[in-house]
Amino acid sequence: MTSSSTPAPAITVVAIVLEGPNRLRSCLNGLRRQENAPAMEIIVPWDGTHGDSHSLQAEFPEAAFLSQHGRRTYAQLRAVGVAMGRGPIIAITEDHCTPDANWAAAVFESHKAPHAAIGGAVEKNSPDTALNWAFYLADYLRYSDPQDGPSDHLTDCNVTYKRSAIEPLRNVWLEEFHENTVHGALKARGESLWLSPRIIVWQKRHLSLGPAIWDRYAFGRLFGSTRVNGASLITRLKYLVSSALLPLLLMVRVTGHVARNPRYAGPYLRSLPVLILINTVWAFGEFTGYLTGRPERRLKAREA
């Protein structure tokens, strides 16, 4: 971490580790290769499940690795990074995403507009397996070639905030930074969310079927549990009932995105069986989150 006497950076980048050191290297190398970038600080919240960070710290001295004891949720790690950052612009990404060469410059330029939160495009690094394509199509296709304009959805692997906009909401995100909760709170205050095609990251995950199934179930359940947090019984029942149609709705959404972006027709057809499977598993996880109001146990924090 830069010392307190160092001038504050223009952008704080919080990089969350999902897959481990090899994927993180790609992300950090992308940040290192930024062109015409404003001053940045890079924060990597690092929990006890990742092993030792000393070798990565030596390899990337410009990044600050913030060690956390035990296992922390991804939302907790985001909160740690956001709270520790000093920049007036906070950018959040994940290790499976490599920022485009002018990503930081585009972030800085975009925040001259008044929007509280500005998300960017997520493009696919290819070639890739049908399973990894299915994940991309399910999660990120909506952010491929986006229009420059308002959006109700921004992805936590490529999203940026004005600190002045999220600081008044510190009680919302200080313990766990869930993007859907934060974005809802911003909109409730009359703040605007924007999607920019100029802020680009390149995504590629490395998954096998077992971990992929767990990922879809666990994160679907996490989404459902955060959505009903504090909700009335009637609202909760409404979500439970509507989740019966969720697998079909998810497939219709992806198919619609592909229809509007036909360059993905080939990967879509090749990954269709896997896409149906992971969307169904997500829907079951979301249903379970609505029912229990709790995330999957492995997405809960645990002391070492």
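In which hand of crossing, left-handed or right-handed, does α10 pass α12? Please set the answer in the context of the neighbouring helix contacts.

Reply: The model is predicted, and the description that follows rests on computed values. α10 passes α12 in a left-handed crossing. Helix α10 spans residues 233-242 and helix α12 residues 265-292; their axes come within 9 Å and cross at roughly 160 degrees. Because an angle over 145 degrees counts as roughly antiparallel, α10 is roughly antiparallel to α12. On the α10 side the contact consists of Arg 236, Tyr 239 and Leu 240, which meet Phe 287, Tyr 290, Leu 291 and Thr 292 of α12. Sorted by class, the residues of this contact are five nonpolar, one polar and one charged.

Helix α12 also packs against α9. The axes of α9 and α12 come within 6 Å, at a crossing angle of roughly 35 degrees, and this crossing is right-handed. From α9, the residues that make the contact include Leu 209, Ile 213, Arg 216, Tyr 217, Phe 219 and Phe 223. From α12, they include Leu 277, Ile 278, Val 281, Trp 282, Phe 284 and Tyr 290. Glycines take part on both sides, among them Gly 220 and Gly 224 of α9 and Gly 285 and Gly 289 of α12. The contact of α9 with α12 comprises eleven nonpolar, seven polar and four charged residues. Tyr 290 and Thr 292 of α12 belong to the contact with α9, and Tyr 290 and Thr 292 also meet α10.

Helix α9, residues 209-227, has a further partner in helix α5, residues 130-139; the two pack at an angle of about 15 degrees with their axes 11 Å apart. α5 and α9 are therefore roughly parallel to each other. The crossing in which α5 passes α9 is left-handed. It is Leu 131, Phe 135 and Asp 139 of α5 that make the contact, together with Leu 209, Ala 212, Asp 215 and Arg 216 of α9. These residues divide into four nonpolar, no polar and three charged.

Pro 127 is placed in the loop between β6 (117-124) and α5. Ser 126 and Pro 127 are joined by a cis peptide bond, with omega about 5 degrees. Most residues other than glycine have a negative phi, and most peptide bonds are trans. Asn 36 lies in the loop between α1 (21-32) and β2 (40-47).

Terms used:
Residues numbered from 1 in each chain as written. Predicted model: local features only at pLDDT ≥ 70, side-chain atom pairs only at ≥ 80, totals over all residues. Heavy atoms only, no water. Axes fitted to C-alpha atoms, helices over the stretch in contact; angles between N-to-C directions. Helix = DSSP H or I, 4+ residues; strand = E, 2+ residues; numbered from the N terminus. Parallel < 35°, antiparallel > 145°, perpendicular 65-115°, else oblique. Left-handed = near helix turned anticlockwise from the far one by under 90°. Contact = heavy atoms within 4.5 Å. Nonpolar A, V, L, I, M, F, W, Y, C, P; charged D, E, K, R; others polar.
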